[in-house]
Amino acid sequence: FPVTIMSMMNAIAKIESSSGTGSAVYTKLNYKDILTRSDANSSQFYGAYNSSNYWGKYQFGYAALIDLGYVKNLGNKRQNYDNTNLLKASNWENKNGLNSLDAYISNGTAQESIMFQLLERNYNILKSKGIITTSDTAEKVAGLLAAAHNGGAGAAVNLARGLDSVDGNGTPRSKFYTAASRAVGGYRDWE
């Protein structure tokens, strides 16, 4: 990628913290506070969750973990987008030793690997659709990958085609695009 994986992953973590939900929690700490602390990469960070049951440092939901082979496809869209299914150990595939939500939140190395896998997957999808090219700037690639992390590769494709959408909290994908592009390369608003 023209963007370093670590800078992209850090940008996504920061974006997740500022998306406006204010509802993410880890024990008694607010997720936003965890992200802004000097020890933001500490192990407690990996146990973060929010009221919509998105879990871990990168706030993964059930559907994204299906795409990467970590949890079972339950056969219908409603169930596959129900993040409470992460709570059931029987839904985990035991890929890379992750056989439950507890195993996932206690394994920071696995979460970093999963985020890398998702970035790589989304990059390849966006590249195959001609949305990202090898001549694109780091700002554009980072922005589109952030939009894809927030809403899937399809949402990033739509954004690139001028169709912005919002997440479950009403945050436009273009906000994620702008925040990530600024984080990795300076100022660049959504076109």
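Residues are numbered from 1 along each chain as its sequence is written, and side-chain values use heavy atoms, with hydrogens and water left out. In this predicted model, local features need pLDDT of at least 70 and side-chain atom pairs count only at pLDDT 80 or more, while totals for chains, interfaces and linings use all residues.

Two packed helices are described by the angle between their axes and the distance between the axes. Helix α6 spans residues 108-128 and helix α7 spans residues 138-151. Helices are DSSP runs (H or I, at least four residues), numbered from the N terminus. The two pack at an angle of about 110°, and their axes are 10 Å apart. Axes are lines fitted to C-alpha atoms over the stretch in contact, and angles run from 0 to 180 degrees between N-to-C directions. The helices α6 and α7 are therefore roughly perpendicular (65 to 115 degrees). The crossing of α6 past α7 is right-handed, a term for a near helix turned clockwise from the far one by less than a right angle. From α6, the residues M115, L118, L119, N122, Y123 and L126 take part. They meet V141, L144, L145, A148 and H149 of α7. By class, this contact has 9 nonpolar residues, 2 polar and no charged ones. Ala, Val, Leu, Ile, Met, Phe, Trp, Tyr, Cys and Pro count as nonpolar, Asp, Glu, Lys and Arg as charged, and the others, Gly among them, as polar.

A147 also lies in α7. Beyond its neighbours within four places in sequence, A147 is in contact (heavy atoms within 4.5 Å) with G152, A155, A156, L159, R173 and F176. The C-alpha atoms of A147 and Y177 are separated by 5.6 Å, with the two residues 30 apart along the chain.

The loop between α4 (77-80) and α5 (101-105) holds N91. N91 is buried, at 8% relative accessibility. Neighbours within four places in sequence aside, N91 is in contact with Y62, Y70, V71, K72, L74 and N85. N94 is found in the loop between α4 and α5.

Most residues other than glycine have a negative phi. N94 has a positive phi, near 65°. N53 has a positive phi of about 65°, although it is not a glycine. N53 sits in the loop between α2 (31-36) and α3 (62-67). N53 is buried, with a relative accessible area of 18%.

Conventions. Parallel < 35°, antiparallel > 145°, perpendicular 65-115°, else oblique. Buried < 20%, exposed > 50% of the residue type's maximum accessible area, 1.4 Å probe, protein only.
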